[in-house]
Amino acid sequence: MAFKDDASGSNAAGANSLQLIAFSIGEQTYGVEITTVREIRAWNGATPLPNTREFVRGVINLRGTIVPIFDLRARFGEGPTSPTKNHVVVVMSVGDKWVGILVDAVSDILTVAKDDIHNVPEGNSIDTELLNGIVTHESRMVGLIDLHAVVSGAKMDS
């Protein structure tokens, strides 16, 4: 049976909700829409690239596709991650490109109502720049990652 995902409300979980992959950076939980995620893989290193920002770990070859890896902890201004075998890379599509983000762990899949998504409070410019919103799920705050903003500015200005 196919699920309808239209605005007529024929599927209660469809038009008015989002499914997110939730992951952690330290004590913080973040999420991205599940439809953007292509795969989740163990950290296995990356080949560094010259003239990139400190939050770009390098690239990996994923079955013939070169995928840049972004360190989400560094992107949020918290310094570089010291990856272990427990860290994971979430490979996602951003537009027509694939990117990977290095995170501490993937925690679960969340279904949240679109009406429960709140604007990011002003204060921390990095958070307001890199997040689309915040949602509370089971008493924890989940920041919704703006993938386009996270991957922008990866090259150093020459």
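Me: Is Val-94 buried or exposed?
Reply: Val-94 is buried, with a relative accessible area of 9%; buried means under 20% relative accessible area, exposed over 50%, and partly exposed in between, with a 1.4 Å probe and protein chains only. This is a predicted model, in which local features need pLDDT of at least 70, side-chain atom pairs count only at pLDDT 80 or more, and totals for chains, interfaces and linings use all residues. Residues are numbered from 1 along each chain as its sequence is written, and side-chain values use heavy atoms, with hydrogens and water left out.

Me: Where is Val-94 found, and what does Val-94 touch?
Reply: Val-94 is found in strand 6; helices (H or I, at least four residues) and strands (E, at least two) are DSSP runs numbered from the N terminus. Not counting residues up to four places away in sequence, Val-94 touches Val-99, Leu-147, His-148 and Val-151, where contact means heavy atoms within 4.5 Å. The C-alpha atoms of Val-94 and His-148 are separated by 6.6 Å, with the two residues 54 apart along the chain.

Me: Which residues touch the most other members of the largest nonpolar core?
Reply: Phe-23, Val-32, Leu-72, Ile-101, Val-103 and Ile-145 do, in a core of 28 residues. A nonpolar core is a set of buried Ala, Val, Leu, Ile, Met, Phe, Trp, Tyr and Cys residues joined through side-chain atoms within 4.5 Å. Elements that give two or more residues to this core include strand 1, strand 2, helix 1 (72-75) and helix 3 (147-151).

Me: What is Val-32 in contact with?
Reply: Leaving aside neighbours within four places in sequence, the contacts of Val-32 include Phe-23, Met-92, Ile-145 and Leu-147.

Me: Changing topic, what is the strand order in the open sheet?
Reply: The order of the 5 strands is 8-1-2-10-9, with mixed pairing; two strands pair if DSSP finds at least two bridges between them. Strand 8 (105-113) and strand 9 (131-137) are the edge strands, each pairing on one side only.

Me: How do strand 1 and strand 2 pair?
Reply: Strand 1 (residues 17-25) and strand 2 (residues 28-33) pair in the antiparallel sense over 6 bridges. Ser-24 stands opposite Thr-29 in strand 2.

Me: Which phi does Asn-51 have?
Reply: Asn-51 has a positive phi of about 55 degrees although it is not a glycine. Most residues other than glycine have a negative phi. Asn-51 is in the loop between strand 3 (37-42) and strand 4 (56-62), and counts as exposed at 62% relative accessibility.

Me: And what about Glu-138?
Reply: Glu-138, also not a glycine, has a positive phi of about 50 degrees. Glu-138 lies in the loop between strand 9 and strand 10 (140-145) and is exposed, at 67% relative accessibility.
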